[in-house]
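Keep the 3D view open as you read.

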Amino acid sequence: MIRLVLTDLDDTLIPFGVGHTSARANRAIHALLDAGAHFGPVTGRIPASMGTMFCEDEECYRTGAFANGQVVSIDGEVVQRTLIEGALLRRVAGLLDDLCANAWLAIYDSDDLRNVNLVTAHPERIRANPPATWGVSVFGVVSDVEDRGYLKANLQCSCDRDEMTYVRDRLRRSIPELRFVFPSMTAKVIDINPGDWEKGDSVRLIAARLGVSLDEVVVFGDSENDLSMMRAVPNSVAVANADEAVAAAARWHIGDVRDDAVAIALEDIASACARGGVPSFFD
């Protein structure tokens, strides 16, 4: 029987560009909760963005892992908070400037969604070729990274996927203390995670704190930053639009995010929980 359901958001529960869950998804989440299961997002986004993403329905994200697992909450209580060292992020910004790549480090205020800045010594390059997020979710430029811990950082890119892959791989070789992963098949973003903590770790932590065995957990994902959680539990599920590596890692497969496939699967799981069985898509 499934007792815990965790899902990525962008391109998994929510189609790219939509920005929030469907009414059907929220109803399905409540059906799961009513059936006695726990539900939560496991996402690269920070807690401050969850209200908008779940249409201000707080019950949908009282449990979850945010900033790729750097913040973990269970029933509204923060039980884990892992920061990225500013000194490491300064090295990222410096290397990007040296590469002259059309990719820039973005650093986030953990509470203020409008306080997001790109870091570069060459702001004229941003003005010449700004990322699509400029003026939408990224609003300023700073020349350096402060000497403190950061809850969230990523790379905002205005280049094609091949150059993004080159930048990701170069950063992996040069700064092995951090992880660099694609959070989406469509967004021009590269996520940055602490080297010793990622989504899979947060899934195991949530399950352990709730007293749930890993074979009672279902996770949903689509992209590279979901791989660690797909590998953490037996019942991993890929949407049809998932990256090839995620699809290969998943045990189960469902429809496309644009068809609300995860919401449909959540309904299936809720029904199975209510009758003490297993979801119909487990075959």
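Which strand gives the most to the lining of the largest cavity? Strand 13 does, with three residues. Bear in mind that this is a predicted model.

Start with that cavity. Searching the whole structure turns up one cavity of 30 Å³ or more. The volume of the largest cavity is about 30 Å³. Its lining is made by Gly-44, Ala-67, Asn-68, Gln-70, Leu-151, Lys-152, Ala-153, Asp-191, Ile-192 and Asn-193. By class, these residues divide into four nonpolar, four polar and two charged.

Now go to the open spaces. The largest pocket holds about 1000 Å³ of space. Its lining takes 37 residues, and Asp-10, Arg-45, Thr-133, Ser-137 and Val-189 lie nearest the centre. Helix 2 (50-53), strand 11 and strand 13 (189-194) are the elements that give two or more residues to this lining. Strand 11 supplies the largest share, three residues. Sorted by class, the lining of the largest pocket has 16 nonpolar, 14 polar and seven charged residues.

Stay with strand 11 for a moment. It covers residues 153-157, and Asn-154 sits in it. Is Asn-154 buried or exposed? Asn-154 is buried, because its relative accessible area is 3%, and buried means under 20%. Its side chain is joined to that of Tyr-108 by a polar contact of 3.0 Å. Leaving aside residues up to four places away in sequence, Asn-154 touches Trp-104, Leu-105, Ala-106, Tyr-108, Val-189, Ile-190, Asp-191 and Ile-192. Two of these names have come up before.

Move on to the second largest pocket. Its volume is about 150 Å³. Lining it are Pro-47, Ala-48, Tyr-61, Phe-66, Val-71, Ser-73, Val-78, Arg-81, Ser-110, Asp-111 and Leu-151. Strand 4 (71-74) and strand 5 are the elements that give two or more residues to this lining. Its class count is seven nonpolar, two polar and two charged residues.

Arg-81 is exposed, because its relative accessible area is 51% and the cut-off is over 50%. Which residues does Arg-81 touch, not counting those up to four places away in sequence? They are Gln-70, Val-71, Ser-110 and Leu-151. Arg-81 and Leu-151 are 70 residues apart in sequence, but their C-alpha atoms are 8.1 Å apart in space.

Five strands form an open sheet in the order 2-1-14-15-16, and their pairing is parallel. Which are the edge strands? They are strand 2 (38-41) and strand 16 (252-253), each pairing on one side only. In general, strands of a sheet pair through backbone hydrogen bonds, either parallel or antiparallel. Look closely at one end of the order. Strand 15 (residues 235-238) pairs with strand 16 in the parallel sense over two bridges. There, Ala-238 stands opposite His-253 in strand 16.

Technical notes: Residues are numbered from 1 along each chain as its sequence is written. This is a predicted model: local features need pLDDT of at least 70, side-chain atom pairs count only at pLDDT 80 or more; totals for chains, interfaces and linings use all residues. Side-chain values use heavy atoms; hydrogens and water are left out. Helices (H or I, at least four residues) and strands (E, at least two) are DSSP runs, numbered from the N terminus. Buried means under 20% relative accessible area, exposed over 50%, partly exposed in between (1.4 Å probe, protein chains only). A polar contact is a pair of N or O atoms within 3.5 Å; within protein, one must be able to donate a hydrogen and the other to accept it, and residues adjacent in sequence count only if both atoms are side-chain atoms. Contact means heavy atoms within 4.5 Å. On a 1 Å grid over the protein atoms alone, a cavity is a set of points where a 1.4 Å probe fits but cannot get out, and a pocket is an open set with protein on both sides within 12 Å along at least five of seven lines; lining residues have an atom within 4 Å of a point. Grid points are joined across faces, edges and corners, and a volume is the space filled by probe spheres set on the points. Ala, Val, Leu, Ile, Met, Phe, Trp, Tyr, Cys and Pro count as nonpolar, Asp, Glu, Lys and Arg as charged, and the others, Gly among them, as polar. Two strands pair if DSSP finds at least two bridges between them.
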